[in-house]
Every structure is written in C-alpha cells, then in structure tokens.
Amino acid sequence: MFSDMSAQWLLLLIFLVLTAFVYKTNVILGKETGIPGPRGWPVIGHLPLLHRKKIVHRTMMNLAQKYGPLYELRLGMLKVLIISSPDLAKEILKIQDASFADRPLTVMGELFGYQRKDIIYSPTDDHWRFMKKLGSEFMSSKAMQKQQVSRHETLMTAVDSLLECQQNQFIDLREELLDMMLTLIPQMLFGKRLIAGKSVAKSSESNIMKKLTQLFKELAKLDLSVVGDCFPFLRWLDVGGAEARIVKLHLQFDNILSDAMNALRREAPPATSEDPGLMQTLLSIQRTEEGKNITDDEIKALVTDLFIAGIDTISSTLMFVMAELMRNPEVKEKLLKELDEVVGRERVVEESDLVNLKYLKMVIKETFRLHPAVPFLLPRKSMGPATVAGYKVPKDTQVLINLYAIQRSPESWDDPTSFKPERFANNLIDVKGQDFCLLPFGAGRRQCPGMGLGGLMVEITLATLLQILEFSLPAGMKPEDVDMTEEATITSALVSPLLVSVKPRLSPNLCSMRT
Ligand code: HEM
C-alpha cells in the first residue's frame with residue numbers, strides 16, 4: 001500500500017514524464033525561439049537558479065555577461081525573457097509598453113490580489129485603471145499632504161523609541177527601520193485610532209498592529225516559487241506545500257482586514273482635521289451613489305497591495321542608505337553639513353525643507369541605483385506574439401527586467417559598483433522612468449504609482465533620523481567592516497544585522513514627542 005505522500009510523488013513522476021514529452025514535442029515542432037540562453041535541466045529547466053539561497057538577480061546578471069542583454073530561461077513550462085540593458089528595457093517599457101503591459105497569472109495574484117482585483121496583479125484593463133484611481137486616495141499629492149501631521153508624529157515617536165535604547169547598547173537598524181514602516185504605513189491605511197487600539201474596536205481588533213506585523217514578517221519569509229505557477233496542470237498536487245502556506249497566510253490576512261473593516265464601520269466619522277486612513281475613506285466612498293458598486297474584496301485588495309508594496313520597498317531603501325552612510329563617513333558628514341546649513345539645529349527638519357536638500361536627494365538616488373529595492377521589475381508578459389531585438393517572442397512569454405544588472409552596467413555607469421552620490425551632481429538622470437539606465441520605480445503603464453509617496457517617505461525619514469540622532473558603529477568596527485551582503489525574494493535586504501548605537505544630536509526638547 002502506498003502512503004499518501006508516496007502516491008503524490010508517483011503522480012508527480014508520471015506528470016514530469018508527460019511534461020518532458022510535451023517539451024520534447026515542442027522542440028520537434030520547432031517552437032523554440034532561437035533566443036540565446038543557458039542549457040536547462042530536462043523538464044524543470046532553470047528552476048534551480050531560483051533557489052532561495054541564491055542571489056537570483058546577481059546570478060542572472062552574470063549570465064547576461066555570457067549570453068547578452070536578452071536571453072531566455074525556462075522555468076518548468078514557462079518561457080522567461082531576461083532583459084539586462086537600458087535599450088531593451090526601453091523597448092519593452094516604452095516602445096512596446098502596450099504589448100507587454102500585463103502581469104502573469106500567479107497563485108499569489110489569485111490569493112493576495114483577490115482574484116486579480118487589485119492593482120499589482122490585475123491585467124491592464126478598465127478595472128486596473130479604476131483601482132489606480134481609488135489608490136490615488138492614498139498616493140496623490142493631496143492625500144500625502146493630509147497624512148503629513150500623522151507622518152511627522154509617528155517619525156518622532158520612532159525617534160523616541162530609538163533614544164530609549166541606552167547609549168552603547170546596539171540596535172539592529174534593519175529591524176528598527178522595518179518596524180518604523182510597519183507602524184507608519186498601517187497607520188496611513190487603517191487610521192491612527194484603529195492602529196493605536198483607541199477605536200471602538202473590541203479586543204479581537206485592538207491588537208491589529210501586532211497581528212499585521214507578525215503576518216508581514218511571515219510573508220517576507222515565504223518561498224514564492226510555487227510549483228503550480230511553473231506547471232499549471234500540476235497545481236492541484238501542490239508539491240512542496242508552498243500554495244497551502246500562501247492560502248493559510250492569506251486567510252489570516254483576510255480575517256484581519258475583515259475585522260478592521262467591521263471596526264471602522266462602527267466608528268463615528270473622524271474629525272475633519274484627522275486623516276481617517278485609506279480604508280475608512282474607501283468605506284465612505286462605498287456609501288455614496290457613485291461608489292456603491294465597490295465591493296469589500298476590492299477594498300481589501302487595494303489595502304493589501306499598498307501594505308505589501310509600500311513597507312518593504314521603503315524600509316529596504318532606508319536600510320541600504322544607512323548601511324552605505326556607515327561605510328562612507330565622508331558622505332555622512334557632507335549630508336550633516338547640508339542639514340545644518342539648510343535647517344540648522346534649532347528646529348526639526350520639515351517636509352517643506354526637502355526641496356533644498358540637494359545632496360540628500362543625490363545620496364538617495366545613488367542608493368536607488370546601487371541597491372534597487374525591487375531588483376527585478378515586477379514580471380510582465382507578452383499579450384500577443386511580438387518581436388524583440390529581431391527575435392520572435394510568443395504570446396504569454398514572461399519578461400523580467402533585471403534592474404540590478406542595468407543599474408550596475410559599466411556601459412551606463414563609471415565605476416558602477418562604488419557608492420558615489422557625486423555622480424549625480426552634474427547630470428540630469430532621474431528616477432522617474434524617462435532614463436532607462438535608472439528605473440527603481442519602473443516605467444511605462446505599470447510604473448510604481450507610489451513613487452511620489454515612496455520617495456517622500458525615504459527622504460523625510462532619512463533627513464529626520466540623521467538630523468536628530470547621531471549614529472555610530474560598535475567600537476573597534478571599521479566602516480569597511482559593514483557587511484553589504486544582500487538577499488532578495490521580491491525585495492532586496494541586508495543579510496547581516498546593521499548594528500549601531502544612537503545618541504541625540506539636537507537639544508533634548510527637540511528630540512522627543514513627549515516634551
Ligand atoms: C522606495 C519605495 C518604492 C519602490 C522602490 C517601489 C518600486 C516599485 C517597482 C519597481 C514596481 C514595479 C514597476 C514595474 O513593473 O514597472 C512597483 C509597483 C508598484 N508599487 Fe511601488 N515602490 C515603492 C513604494 C511604493 C509605495 C509607497 C506604494 C503604495 C503604498 C507602492 C505601490 C505600488 C503598486 C500598487 C505597484 C503595482 C503597479 C502596477 O502593477 O500597475 N509602491 N513599485
């Protein structure tokens with residue numbers, strides 16, 4: 001008698017043999033594209049390249065040196081084009097943007113995108129446009145203005161808690177920056193009252209913050225290489241159980257969102273001066289004649305997108321910029337000098353000062369270049385047959401743009417692996433999606449709609465932390481000892497803790513929310 005496990009593996013074997021047959025038949029029928037690429041394993045193709053322990057964007061950058069700026073990989077049954085040059089990125093994201101604007105169908109998109117009702121995973125259609133319009137309630141300049149007071153208070157509270165750490169006691173800045181964003185973004189999504197546990201919510205809702213943090217950290221550890229995405233006909237077997245883990249996390253997440261929604265529906269409307277948070281704003285729109293068709297799932301899908309897309313990207317950028325500043329003390333000194341000249345030490349930096357902090361912007365731009373938070377742009381796929389660089393690309397081919405390779409390319413950048421903010425002093429290259437050698441927010445139709453908000457949050461958080469606090473490395477540790485080894489799933493992160501001690505840089509009454 002077979003156990004359940006053995007039966008599953010036997011079935012898997014049968015299906016793999018069938019897949020090998022289908023693959024072989026495709027080769028015989030001449031469906032190969034002729035695009036260069038490394039030889040893959042039978043059936044599984046290049047899936048071993050995606051192993052969690054590998055730094056995929058680096059491996060793929062090295063492959064580009066051998067196979068060129070456009071090569072093909074096979075992930076199970078999926079054909080994937082890897083793009084590693086500014087010119088080809090422009091071809092996909094600008095010249096043929098309309099033909100490559102869809103996202104591939106994935107298990108994550110089905111679950112966390114609420115059957116692709118969100119922005120990230122949705123096909124590029126009228127519904128996607130509608131969701132982007134709803135999302136502007138959170139990401140437009142007007143919304144960002146409304147969130148300003150709450151953003152400042154939360155940042156100052158974070159400074160307080162950093163200062164609570166005794167001098168000479170080291171904190172891991174990676175954790176602190178992530179926790180900071182895990183407070184800031186949910187507060188903007190759910191409103192301050194709910195997050196602070198001050199709403200009418202009963203106990204099940206009041207620790208929403210704790211539950212969200214825990215779930216987010218579990219989600220970050222999740223292995224996203226789901227067998228069903230690469231072998232759709234094997235999805236029901238869920239070999240390795242990745243899909244079951246995603247389903248479980250999604251259910252927990254969905255419950256938290258439903259609780260939050262119920263609690264907010266029972267709330268009295270917040271005072272007009274208070275930022276109600278995105279979810280409450282969407283619930284108010286849902287009560288109007290114009291918004292009555294917006295479903296609860298659409299609200300949850302949008303909130304989930306912004307929760308997932310906002311937190312990791314901002315905290316990853318801040319983590320890398322702080323690590324580079326600890327490694328490059330002369331850059332840090334120059335930044336502090338600029339802060340002293342523009343803002344002084346008699347008041348705390350404000351968002352209105354940012355426009356004058358030119359060197360701060362150069363430091364952040366250089367961090368976006370050297371350490372893109374999203375090393376591959378989110379996957380796109382060909383919506384019909386297309387031709388790229390003279391090669392025929394069949395419908396439904398996935399396209400991955402390797403930003404990491406493009407932004408470190410010696411063809412586009414002098415001394416590409418060094419951290420040199422000064423390289424932006426006399427050049428107009430920007431991150432807005434017009435310069436295809438620097439695309440931290442992507443470009444074209446599917447460009448990041450949170451670019452303004454993300455950029456602002458990185459700038460104001462960095463300026464506030466550096467102006468108010470003095471950061472030092474542990475005694476005996478040299479700047480060059482800061483370990484920059486990275487790892488990445490969708491977003492990039494430092495592998496080792498970033499240990500620093502902090503002490504106040506401004507007078508105590510300016511450093512705290514409590515005074
Ligand atoms: C430093 C911060 C951020 C970085 C570096 C970043 C980067 C990116 C990148 C590279 C993409 C893919 C673009 C493409 O495929 O061409 C993206 C998409 C997206 N981002 Fe951001 N992002 C940041 C902050 C945010 C924030 C704060 C939000 C909202 C709260 C956000 C919401 C989104 C959404 C909804 C998409 C999907 C757009 C679509 O598919 O149409 N991002 N982001």
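How many residues surround the ligand, and which are the closest? The shell holds 26 residues, and the closest are Gly310, Gly442, Cys448, Gly450 and Gly454; a residue is near a molecule if its C-beta atom, placed from the backbone, lies within 6 Å of it. Two elements give two or more residues to this shell, helix H15 (296-327) and helix H19 (451-468). H15 gives the most, with 7 residues. Helices (H or I, at least four residues) and strands (E, at least two) are DSSP runs, numbered from the N terminus.

The model is predicted: local features need pLDDT of at least 70, side-chain atom pairs count only at pLDDT 80 or more, and totals for chains, interfaces and linings use all residues. Residues are numbered from 1 along each chain as its sequence is written.

The shell around the ligand divides by residue class as follows.

| Class | Residues in the shell |
|---|---|
| nonpolar | 17 residues |
| polar | 7 residues |

An open sheet is formed by 3 strands in the order S3-S11-S8, with antiparallel pairing; two strands pair if DSSP finds at least two bridges between them. Strand S3 (171-172) and strand S8 (469-472) are at the edges with a single partner strand each, so one side of each has no neighbour in the sheet. S8 pairs with strand S11 (residues 499-504) over 4 bridges, and serine 472 has serine 501 in S11 as its bridge partner. Helix H7 (residues 148-164) packs on the sheet and touches S3, S8 and S11. Its direction makes about 105° with that of S11, where axes are lines fitted to C-alpha atoms, for helices over the stretch in contact, and angles run from 0 to 180 degrees between N-to-C directions.

Helix H19 also contains isoleucine 460. This residue is buried, with 21 other C-beta atoms within 10 Å; buried means 20 or more such atoms, exposed 12 or fewer, and partly exposed in between, with C-beta atoms placed from the backbone. Leaving aside neighbours within four places in sequence, isoleucine 460 is in contact (C-beta atoms, placed from the backbone, within 7 Å) with Glu351 and Leu354.

In helix H5, Trp128, Met131, Gly135, Phe138 and Met139 are buried. What covers them includes helix H6 (141-146), helix H8 (173-190), helix H14 (278-286), H15 and H19.

Technical notes
Nonpolar A, V, L, I, M, F, W, Y, C, P; charged D, E, K, R; others polar. Contact = placed C-beta atoms within 7 Å.
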